[in-house]
Amino acid sequence: MKYQDIRELSDEELAQKLEDGRAELFNLRFQMATSQLDNTARVTTVKRDIARVQTEMRARKIAAAKAADNN
């Protein structure tokens with residue numbers, strides 16, 4: 001998922017994406033440990049998607065804090 005797509009999501013959708021990504025990463029790690037994972041590059045992709053979502057969530061939190069300080 002591209003960062004531009006993540007920016008367009010609402011806060012609730014971001015939280016859901018984060019939860020889904022963490023669940024998928026858990027499943028991928030489990031498959032890797034049991035030698036059932038075919039596409040090991042998927043782990044890296046999911047990790048990056050999780051990081052992108054967390055970055056956007058943090059940016060929104062900082063922007064909200066700045067807006068609250070200005071009022």
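1. Does Asp 11 count as buried, partly exposed or exposed? In this predicted model, Asp 11 has a relative accessibility of 48% and therefore counts as partly exposed. Its salt-bridge partner is Arg 60, with the closest N and O atoms 2.7 Å apart, and the pair links distant parts of the chain, since Asp 11 belongs to helix α2 and Arg 60 to helix α3, 49 residues apart. Arg 60 is itself partly exposed, with a relative accessible area of 23%.

2. Arg 60 also forms a salt bridge with Glu 56, where the closest N and O atoms are 2.9 Å apart; both of these residues lie in helix α3, 4 residues apart, or about one turn of the helix.

3. Leaving aside residues up to four places away in sequence, Glu 56 touches Tyr 3, Ile 6, Arg 7 and Leu 14.

4. The largest nonpolar core is made up of 11 residues, among them Ile 6, Leu 9, Leu 14 and Val 53, and helices α2 (11-33) and α3 (41-70) each supply at least two residues of this core. Leu 9 touches Leu 14, Lys 17 and Arg 60, again not counting residues up to four places away in sequence.

5. The whole structure holds 4 salt bridges, including one between the side chains of Glu 24 and Arg 42, at 2.7 Å from N to O. Glu 24 lies in helix α2 and Arg 42 in helix α3, so this pair ties together parts that are 18 residues apart in sequence.

Definitions and conventions. Residues numbered from 1 in each chain as written. Predicted model: local features only at pLDDT ≥ 70, side-chain atom pairs only at ≥ 80, totals over all residues. Heavy atoms only, no water. Core = buried A, V, L, I, M, F, W, Y, C linked by side-chain atoms within 4.5 Å. Buried < 20%, exposed > 50% of the residue type's maximum accessible area, 1.4 Å probe, protein only. Contact = heavy atoms within 4.5 Å.
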